[in-house]
Every structure is written in C-alpha cells, then in structure tokens.
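Here's a quick tour for anyone opening this one for the first time. Have a look at the sequence and the 3D view, then read on.

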Amino acid sequence: MENARGVLVNKLIIREDRPDGKINDTLLAKGQSPANFLILKTGNFCNTKRRKIMATKVEKVLLLGEKTFLIDKKQKKFHTEFGMFDLEKIKKYGQVIKTNTGKKFYAVEPTIIDLMKKSRRMPQIVTQKDAAQIAAVTGLTTGWKCLDFGGGSGFLAMFIGNLVKPGGTVITYEKKPEYAKNIVKNINFCGLQKIVAVKNTDAKKFTEKNLDLITMDVIDAEKYVKKCFNALKPGGWICVYSPHIEQQKKAVKEMEKYFTHIRTIETIQRNWQVSEYTHPIPSQLVHTGFMTFGRKVIK
Ligand SMILES: C[S@@+](CC[C@H](N)C(=O)[O-])C[C@H]1O[C@@H](n2cnc3c(N)ncnc32)[C@H](O)[C@@H]1O
C-alpha cells in the first residue's frame, strides 16, 4: 500500500472519532482499498466525513535470540547464520518467530536504546548509565528545551531527545562536519528528526535562550559556563561531563561563580553473573566519566 506521498507503508489504519468521545481504530487488511479515504503522510491525520485516517509505518523489528538483529520489516525475508526468517509471519510484537532451521527468536518493537545500539559511533559517547543520571538528577521531562555541546556521535542528544518528546527539543553543536553528518544519520535512523537538531558550528556561537538544560561534553567546558548561565531559565540545569577530574575541577571553579547546588558524581555500574557461584563479571568498563551539575537561581 502507498500513502499520498507514494511511500510504501505496511499498515493503514482508519481512525474514527466516535460520538461518545472514544476513538476506534480499524486496521485495513493487506490489499484492502482505503476507498474514499484521504491518506496522509505517516503519522498525520485529516478529517473526511468525521473520520480521521492515518498511515503508520511498521518499519523496524528487533529479533531477540542467540544474537540480536534489527531489521526492516519491508525486507520480507532475512537470511542469517541461524537460517532464514520469513518476516511476513510477524503479526504482533512479542511473538516467537523461528528460522527455517527451527532457531527460536522473539520479535519485539525496538526502543530508542535498541536503535542507538545499532547507530554509528564516531567519537566516544556518553554511556547509558551516565545519560540516565542526567535524567535522575535533573528530572528531565517532556517539553524541555535543551542544548548539548559537543554532539560527537549524537548519543547523549538522542537519549535526551527521546525523554523530552513531545514538545521538547535538543539542539546539539558539533564543529566537525564528518561527525555532524553522522549525527544527522543517527537522528534519522532513530526517528528523532522532529526533536533533535544538529548545528555544524562551534558551540561558542550558540544563540539559544530560555533553556531548561545544557549538557557539555567538550574538553574546555569551563569557557562556556558564564554564557550558559545567561541562556538558562531560572531553575534550569547545567551538566558538565568529562572523563578526567582535572576538567571537572576547572568547570566547578567557574560554575561556583554563577550556579548553586553544585554536585559532582561518578556512576559505577557492575554487571553480575548470577548462578551457583555468583560474582561480578570480570574485566568490565568501570570508569567512564564524571558529571558536575549546577542549578541556576537569581541571586
Ligand atoms: C566526546 S565527543 C561527545 C560525544 C557525545 N556526547 C555523545 O554522546 O555522542 C566530543 C565532541 O565535541 C566536539 N567539540 C569539541 N569542542 C567543540 C566546540 N567548541 N563546538 C562544537 N563541538 C565541539 C568534538 O568535535 C567531539 O565530536
């Protein structure tokens, strides 16, 4: 089936506003004509005779088994070392799907974390355990306007972008063109193009104002602290990430001039092997980075 832009879509849903205020979604069967209905681009709605019609894309599915595969469902068939998957057998997320050699996998809907795992890394990223602390400390939520310095591979910007939707935005500044291009690809791959934007220029030129959160993962974050203070809303947060404590000390010294409730943390996470003899998994990545948080108040 095709939508109005001629894009192939796997599912068409007729959405009807019922007089009792409830919404009734009817999934059109494959090949069934949407007849008099106006089909809009994915995710958009229109009113025709009290009906709203939407075309949804079921693009990606995650196959969980001995290995994990993120695949485009439009492929129909998918060949692996475990045999061939007939993707047309996937009717709903969560179901079992077996290869033609009988290997069992589960088909689940990919989350942003699954998508990010398959995104391309260029410079070193802020890991999930550290990114999660930003949300835990600040209360990061929908609608927040955020700025990110040093886009790198775009991972931190995308993690934040996923939490601020709907209504929120993340602008990430990346000065290297090849990194900026890769971030754009990662944003598109993760479906965050309406939330996260990249500016391929030096972050010192930023002009955004009234921000809820500014994150910095650049070598000389202390140079931008004053400008960040001016660009934040009262109550807004700054977070400086760096792998070395020397960088944090410089940032803290500068932050103390402007911000309140300054706090530096390191997050250590260990994975354990739980069995008859239970122990932490040896040789894990323990140190990744430090983060210093500060909050803007009007003194
Ligand atoms: C460690 S990476 C950031 C990784 C990123 N936080 C992530 O999770 O993918 C640091 C990036 O900052 C960029 N950078 C450094 N100084 C910058 C500046 N003044 N303006 C814009 N980008 C800058 C570098 O080119 C590099 O890509």
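## A loop residue to start with

Lys76 sits in the loop that links β6 to β7 (77-80); helices (H or I, at least four residues) and strands (E, at least two) are DSSP runs, numbered from the N terminus. Its phi is near 70°, a positive value in a residue other than glycine. Lys76 counts as exposed because it has 10 C-beta neighbours inside 10 Å. For the record, a residue is buried with 20 or more other C-beta atoms within 10 Å of its own, exposed with 12 or fewer, and partly exposed in between, with C-beta atoms placed from the backbone.

Before going further: this is a predicted model, where local features need pLDDT of at least 70, side-chain atom pairs count only at pLDDT 80 or more, and totals for chains, interfaces and linings use all residues. Residues are numbered from 1 along each chain as its sequence is written.

You'll find Pro166 in the loop between α3 (155-164) and β12 (169-173).

## An open sheet

Four strands make an open sheet in the order β6-β5-β10-β9, paired antiparallel; two strands pair if DSSP finds at least two bridges between them. β6 (68-72) and β9 (96-98) are at the edges with a single partner strand each, so one side of each has no neighbour in the sheet. On average, neighbouring strands of this sheet are turned by 35° against each other, direction ignored (axes are lines fitted to C-alpha atoms, for helices over the stretch in contact, and angles run from 0 to 180 degrees between N-to-C directions).

Zoom in on β9 and you'll see 3 bridges to its antiparallel partner β10 (residues 104-108). Lys98 stands opposite Lys104 in β10.

## A helix with a buried face

In α2 (residues 128-138), the buried residues are Asp130, Ala131, Ile134 and Thr138. Looking down the axis of α2, they fall within an arc of 105°, so they line one face of the helix; the arc is that of the directions from the helix axis to the C-beta atoms. Just after α2, Gly139 takes a positive phi of about 80°.
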